[in-house]
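Me: I have not looked at this structure before. Please take me through a few of its features, one question at a time.

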Amino acid sequence: METENKSYTVTQYMRALKQKVESTPAVWVRGVITQINEKARVVYLSIADFEEGNVNPLATVPLYCYSAKFAAIRAKVENYPQPFTLKEQLKVSFLIKADLYVPYGKLQAQILDIDPVYTLGELALTKSAILKRLALEGLLEKNKALTLADVPIRVGLITGEGTAAYKDFTTKLAESPFAFKVKTAYAKMQGADTEPTVLAALEELAKDSELDVVCIIRGGGSKTDLNFFDSEALCRAVANFPLPVFTGIGHEIDRSLLDEVAYQSCITPTDTAKRLIDRVADNWNRMLSLAQNIALQTKETLVTVNRDLTNKGNRLQQKVNALIQKEAMKLSLYKGNLQKDLQFIFRGERERIARDTEGLHQGSRKILDLEKSKFNLIELRVKSADPETTLSKGYTLTLDANGKFIRNKNQLKPGDTLTTRFKDGSIQSVVK
C-alpha cells in the first residue's frame, strides 16, 4: 500500500512557518545600524555584525518598527540623561521578536525596545578610542599651538544659515566698538549632513589668506545633535587647520570631541564672540597703555633732553665766551706786536729809503761824472777823427770829383780830377 503524501499550498506553508517563527521568544540582539528607512507607517532598519578591518558584514538582520513605536524609542534615547540619536553606523542593542512576511517569504524581526546603556557604552568607547588616537598623533594640541593674531578682527564663521547662533554671534560682534569683518560659510549643524558640510566649509575658508581665526558655532537645541561633532574626520580637519579654530557648540555643560582639538572651546556662540572681543580689547588697551607710556616717556625724555641741552648750551656759552676772551687777548697781543713790528718795519724802511735816497744822490753824481768822462772821451775821439784835426797835424786829404775820400790807388784811373786839401787850402790835379 502506498503512503499518501500530504501537500500544502505556499500560503499554508508560509503561514505555518510564520507561526513557528513567531513562537520563538523575544531576545536582545546587538549590532551596527547599516540602514534606516522611514516610511509613513513603518520604519525599516537593518543591523549587522562586522569583523575588524572588513567592511563586508558577517551577518545582517532586517528589522522593522511601526512609526509610533519607533517615535517612542527615539524619544527614549533622546531624553536619556546622556542622549544620542539613532543613526547609521551606531552600535545598538534591540529587543526583537522574529517574524516572517508571508507574501515574500522574508524573514524579519520587529523592534520592541532598545537598551540605551549598551549604546552609550559603545559611544563612550568609540569616543574614547578616537580621543586616544588623536592624542597619540599629537592632534589634541596641534591647533592650540598656532599663534592667534593679536587683533583677530577678520573672522571666518561656520554655522547654520539663519540660525539663532548666527544672530547671537554677529550681534555680539556688531555691538563691540571694533570693526569685525565676518566671512560666513554655511553648513548643516545637525543630522547626517553635519560632517560633510562642515568639512566643505572649512575647506572654503582655508582658501582665504586674509582670515585671522575661524569659529564653528551652534546653538543649544537637542543634545543628541551634538554627537555629530564627535566625528573623527571633523576633529582631524580642525586639528590640522592652518588657523586657530574657536568652537561654541551647545550649552555650557556640553562638550564634544571637536572642543578637545579646537584652539579655544567656548560655552556658547555668544561666549565665542565675547572671547574674540576680549582678545581685541586686551590688545587695544595694551596698545593704548603702550602709547600712553611712550607719550609719558617721550615727555620725560624731552624734559631731560631740554635740561641737558640747556646745561650743555650754558657750558658751551661759557666755553665760547672764554674762547672769545682768549682770542680777544690774543688779538690784542697780536695787535700790539703788529704795531711794534710795523713800527720796526716802517723805521727800517724809512732808514732804507733814506739810505737809498742818499745813495741815489751820491750815485747820480757819480753816474753823471762817469757819463761826463765817457762823453769827454767820446768827444776827444770825435775830435781826433775830425779831418780838420788831421789836417792841422800836417796831413792832407784827397777827394775825387764826387767828394769821396781816396783811400787807395785802385780808385783812380788816368784822367780823374783830384782835390787835395791842406790845412790852409786845397789844390786840384789830374791823374796821368
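Predicted model: local features only at pLDDT ≥ 70, side-chain atom pairs only at ≥ 80, totals over all residues.

Me: How many residues does helix α5 have, and what span is expected for α5 at 1.5 Å a residue?
Reply: Helix α5 runs over residues 194–206, which is 13 residues. From its first C-alpha to its last, α5 reaches 18 Å. That is close to the expected span, 18 Å.

Me: Which residues of α5 are buried, and what arc do they cover around the axis?
Reply: The buried residues of α5 are T194, V198, A201, L202 and L205. They sit on the same side of α5, because around the axis they cover an arc of only 100°.

Me: Against which elements do the buried residues of α5 pack?
Reply: Packing here is a matter of contact, that is, heavy atoms within 4.5 Å. The partners include three strands, β6 (154–159), β7 (181–186) and β8 (213–218).

Me: Is S93 buried or exposed?
Reply: S93 is found in strand β4, residues 91–101. Leaving aside neighbours within four places in sequence, S93 is in contact with W28, V29, R30, D113, I114, D115, Y118 and T119. Buried means under 20% relative accessible area. S93 has 8% relative accessibility, so S93 counts as buried.

Me: Where do K18 and E22 lie, and how far apart are N and O in their salt bridge?
Reply: K18 and E22 both lie in helix α1 (residues 10–22). They are four residues apart, about one turn of the helix. In an α-helix, residues three or four places apart point the same way, because there are 3.6 residues a turn. The side chains of K18 and E22 meet in a salt bridge with an N to O distance of 2.8 Å.

Me: Are K18 and E22 buried, partly exposed or exposed?
Reply: K18 has 21% relative accessibility, and E22 has a relative accessible area of 34%.

Me: Which residue forms a salt bridge with E38?
Reply: The closest N and O atoms of this pair are 2.7 Å apart. The pair links distant parts of the chain, 36 residues apart, with E38 in strand β1 (residues 27–38) and its partner in helix α2 (residues 67–78). E38 is partly exposed at 45%.

Me: How many salt bridges does the structure hold?
Reply: Salt bridges that share partners join R133, E137, E232 and R236 into one network. The number of salt bridges in the structure is 16.

Me: What accessible area does the nonpolar patch with L338 have?
Reply: L338 is in helix α8 (residues 269–385) and counts as partly exposed at 48% relative accessibility. L338 forms the patch on the surface with L342, F344, I345 and F346. Together their accessible area is about 500 Å².

Definitions and conventions: Residues numbered from 1 in each chain as written. Heavy atoms only, no water. Patch = residues over 30% accessible without salt bridge, like charges linked within 9 Å, V, L, I, M, F, W, Y side chains within 5 Å. Areas by Shrake-Rupley, 256 points an atom, 1.4 Å probe, with all protein chains shown as cover. Salt bridge = Lys/Arg side-chain N within 4 Å of Asp/Glu carboxyl O. Helix = DSSP H or I, 4+ residues; strand = E, 2+ residues; numbered from the N terminus. Buried < 20%, exposed > 50% of the residue type's maximum accessible area, 1.4 Å probe, protein only. Expected span 1.5 Å × (residues − 1). Arc of directions from axis to C-beta.
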